Amino acid sequence: MPPHAWFVVSAVFHYLGPAFAVLLFARVAPLGVAWLRIATAALVFALWRRPWRLVGRRDLLAWGAVLAGMNCCFYLAIDRLPLGTVAAIEFLPVVALAALGARTRRNAAALALSVAGVAALCDVRLGGEPLGVALAFANAALFGLYIVLGHRVAQDAGVDGLGAAMLLAAVAVTPVAGWAAVPALSDPVALVAGAGVGIASSVVPYVCDQLAMARLPRASYALMVALLPATAAVIGVLVLGQVPTAGEAAGVALVVGGVALHRELPDRG
């Protein structure tokens, strides 16, 4: 399959899983769904990759903690805000990191577009859901850390490093969110749905990302990433009926433009 096709699969599943998670909130609390997602992904990666030898690494301990916190903030945020809004805010650190790494006029313009888009989204939502906005920004900050730590691990550990980090995330998230997943243990429908969310959100897209990145130039991959906030908004409409207002649509469009415009610092061989 062409690398662009792998990316399309990743883009769809990246937010299709969370969209179904929102539907699952009627049976399981958001933190419980976060625990089911991480636990399922950890089990799949453990059986597939058996990354036991890596779990003692400090960078993986940090990455696991970030994964745990990021998932909790993300699910609590999408319980309060539209999926497209949370996804757009989530990509602000992507552009900010690029702007810091390569200080160019192009990246300054990209950051300005993204900030304007996020400001538009926050202006729409801050009055009614300040906690949701705060959680979305916490998720975005953790997503930025996820990118930095994930890039470091990818240099020498690859998918095995991701598997080890997911195991550590399962350990870290259990004291915080494990209690919220207890009702699902006696509800077969919720348990199967939660496992499906984990596979759709954390296994399928991550594996497809690896396959796409292995064959796409970084610049091409970065450009395609710009589609993700728009993908989230479309999935929000189709699956959840979350039709954006004109202000929200404009905000998402500005973020998409910023992510498309940004350029990362070239790799140095």
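Reader: Which residues do ring pairs link into a cluster?

Author: This is a predicted model. A search of the whole structure finds five aromatic pairs. Ring pairs join three residues into a cluster: F25, F74 and Y75.

Reader: Is the aromatic pair of W63 and Y146 stacked, edge-to-face or tilted?

Author: A pair of aromatic rings is described by the distance of the centres and the angle of the planes. For W63 and Y146 the centres are 5.6 Å apart and the planes make an angle of 35°. Planes under 30 degrees apart count as stacked and those over 60 as edge-to-face.

Reader: How many residues apart in sequence are the parts that the pair of W63 and Y146 ties together?

Author: W63 belongs to helix α3, and Y146 belongs to helix α7, which covers residues 130-154. The pair therefore ties together parts whose separation in sequence is 83 residues.

Reader: Are W63 and Y146 buried or exposed?

Author: Buried means under 20% relative accessible area. W63 has a relative accessible area of 5%, and Y146 has 15%. Both values fall under the cut-off, so W63 and Y146 are each buried.

Reader: Which aromatic pair does Y146 form with F143, stacked or tilted?

Author: Both residues lie in helix α7, three residues apart, about one turn of the helix. F143 is buried, as is Y146. Their ring centres are 6.0 Å apart, with 15° between the planes. Since planes under 30 degrees apart count as stacked, the pair of F143 and Y146 is stacked.

Reader: Are helices α4 and α12 roughly parallel or roughly antiparallel to each other?

Author: The axes of α4 (residues 83-90) and α12 (residues 227-240) come within 7 Å and cross at roughly 170°. An angle over 145 degrees counts as roughly antiparallel. Helices α4 and α12 are therefore roughly antiparallel.

Reader: How many nonpolar, polar and charged residues are in the contact of α4 with α12?

Author: From α4, the residues in contact are L83, G84, A87 and A88. They meet P229, A232, A233 and I235 of α12. By class, the contact has seven nonpolar, one polar and no charged residues.

Reader: Where is R50, and what is its phi?

Author: R50 is placed in the loop between α2 (30-49) and α3 (58-78). R50 is a residue other than glycine, yet its phi is positive, near 50°.

Reader: What is the distance of the charged end of R49 from the centre of the ring of W48?

Author: The charged end of R49 sits over the ring of W48. Its distance from the ring centre is 5.0 Å.

Note on methods: Residues numbered from 1 in each chain as written. Predicted model: local features only at pLDDT ≥ 70, side-chain atom pairs only at ≥ 80, totals over all residues. Heavy atoms only, no water. Helix = DSSP H or I, 4+ residues; strand = E, 2+ residues; numbered from the N terminus. Axes fitted to C-alpha atoms, helices over the stretch in contact; angles between N-to-C directions. Parallel < 35°, antiparallel > 145°, perpendicular 65-115°, else oblique. Contact = heavy atoms within 4.5 Å. Nonpolar A, V, L, I, M, F, W, Y, C, P; charged D, E, K, R; others polar. Phe/Tyr/Trp six-rings, centres within 6.5 Å; stacked < 30°, edge-to-face > 60°. Buried < 20%, exposed > 50% of the residue type's maximum accessible area, 1.4 Å probe, protein only. Lys NZ or Arg CZ within 6 Å of the ring centre and 35° of its normal.
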